[in-house]
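Please have the sequence and the model open while reading.

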Amino acid sequence: MKKYSSKRSIQILAHLLQQYGIADIVISPGSRNAPLAIHFSEVDSFNCYSIVDERSAAFVAMGMAKSEKKPAAITCTSGSAVVNYYPAITEAFYQNIPLLVLTADRPTDFIDIFDGQTIRQKDVFHQHSYGDFQLLEDSKENAEDINFDTIKKAIELCFEKQGPVHINIPLEEPLYELVSELPTFPTVEKTIKHKEYEIPSNLIAEWHTSQRIMLLVGTKDYSPELENQLTQLVKNHSVVVLSEANSNLYHEKFFKHIDRYIFNFTEEDYKTYAPDLLITVGQNVVSKKVKQFLRSARPKQHWHLDEVWQPDTYFSLTEKIEVKPEVFFSKLLKFINLEPRPYFNLWDVLRDKKDAKHQQFLNTVEFSDFYFFNKAAQTIPENYNIHFSNSSGIRYAQLFDFGKRKIYCNRGTSGIDGSTSTAMGFAIKNANPTLLITGDLSFFYDINGLWNQYIPPFVRIMIFNNGEGNIFKIIPGPGNANPNTLDEFIATKHRKNAEHLAKHFGFSYIRVEDDLTLDRVLENFFKPDVQPKILEVNTYGKNSADVQKAYFNFMKEN
């Protein structure tokens, strides 16, 4: 016999989640949220997952929402458990990933009287959520009607904004009163808003008067519709499309490796290659160099396309176009002429030259992180989704061609926390296998991402372990510090490996320390197995930072 919570607020919450098709719920254990856990786990239409560590749990749910392209819910007990959600909430906020955050709380009269596990939970995520709501205790007047309306409003906002929304749920004791039958609640009339868009005539005029049109695509999920639209724009060399690995766009006329091409741009080059119309699509751009280039270039017109975010990243924003890029380009393509422009040829000549230099360098590169990324790009099966960790991981990825594989990275806040948990959440909900490529610090920082009984056997993890935060040996600045300070407090040198962790969490494990072994192991690494696998590529002492610096010095040469 099924047993449900007797709490009316939780019964209403579950009913509305069902009405809106929110099925995935990640539950962290606790007593105050036990009524939610008991109730949700008894409802057949919910997929419930138990993840102990709240920080990891929120990233796992974020990965699920990213995979499913619809909201996932998370629920935890009261007190400090709640704020452990915060890193994932900030990431979901800036990536626009829909998370419904359900935090159990003590009754409102218990706040700030030193009752156990009690903090100020109301509005705690206010700075990084799209909505903050608090339910009434069941004993309060009109609680049922008010809570119904509150929950409905919160869920619809989560869909509209495609980001985190918080519902705080004060619960009175007793917490474990159960019922075997549920009341009937009304069917919901959904009122989710959808924007209509008509393209202004002045934008069409600006397009036709612009001779140097650049589209820059940042972090973006794969969209075949957008890819087709941008393909039409480049077919006759009408525009220059710059993209990155996690832009998830695939066409031979797109410029995919920005840093290869602009790494050594001078002030004069900024002027030579500058657009007069810049159109930006998607979110965070990895390349710091392209930000420097466009901030210096100061295009006359800059349009940004996004339903939610309109950042003036390049200090030249002239049009905030609050609509899906696919909708905008479907309108634009009806009105514009796709005439060839010499601007494309200017960039194409540069690309040919730099791509040839890149290939020359690959022929001589020694075993290092750079070598590993090159080999990985050639070996990963095409059906794999690839998640990269921050920070050097995604930067290396920009230099290589991963074909049509789907690429993901937590570039909302660009932190190293949660990379593993996000990838595991994504893998749980996706039919295609998932590969995480991660640096050592990112991996060890998020060990609890593997404390997860739902990880499929076709998950693969590649750790490039250089024994430190090698990014701080690559970027300019940290090298000015005393070497001992740099090693201990910034790069944080270590000699840890993942062998025992892999065994502990039920992964098979392989470690390689040279190029010949790596080449041999990669042949079998992706073959089916009964357990997920970890491949650790040990590049201790291989001066990977020096190899990358040598690469960019080589690319500078004429």
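Which backbone oxygen does the side chain of arginine 405 reach? The backbone oxygen of isoleucine 380, at 2.5 Å. This is a predicted model, in which local features need pLDDT of at least 70, side-chain atom pairs count only at pLDDT 80 or more, and totals for chains, interfaces and linings use all residues. Residues are numbered from 1 along each chain as its sequence is written, and side-chain values use heavy atoms, with hydrogens and water left out.

Arginine 405 lies in the loop between α15 (392-397) and β15 (406-409); helices (H or I, at least four residues) and strands (E, at least two) are DSSP runs, numbered from the N terminus. Arginine 405 is buried (under 20% relative accessible area, 1.4 Å probe, protein chains only). It has no salt bridge (a side-chain nitrogen of Lys or Arg within 4 Å of a carboxyl oxygen of Asp or Glu). Glutamate 382, the nearest side chain of opposite charge, is 5.1 Å away. Beyond four places in sequence, its contacts (heavy atoms within 4.5 Å) include Asn248, Tyr250 and Tyr384.

Elsewhere, six strands make an open, parallel sheet in the order β3-β2-β4-β5-β7-β6. Two strands pair if DSSP finds at least two bridges between them. β3 (47-50) and β6 (132-134) are the edge strands. Five bridges join β4 (72-76) to β5 (99-105), and threonine 75 stands opposite leucine 102.

Two helices pack on these strands. Angles run from 0 to 180 degrees between N-to-C directions of axes fitted to C-alpha atoms, for helices over the stretch in contact.

| Helix | Strands touched | Angle |
|---|---|---|
| α3 (54-68) | β2, β3, β4, β5 | about 170° to β4 |

Terms used: Buried < 20%, exposed > 50% of the residue type's maximum accessible area, 1.4 Å probe, protein only. Lys, Arg positive; Asp, Glu negative; His and termini not counted. Polar contact = N/O pair within 3.5 Å; in protein donor to acceptor, adjacent residues only side chain to side chain.
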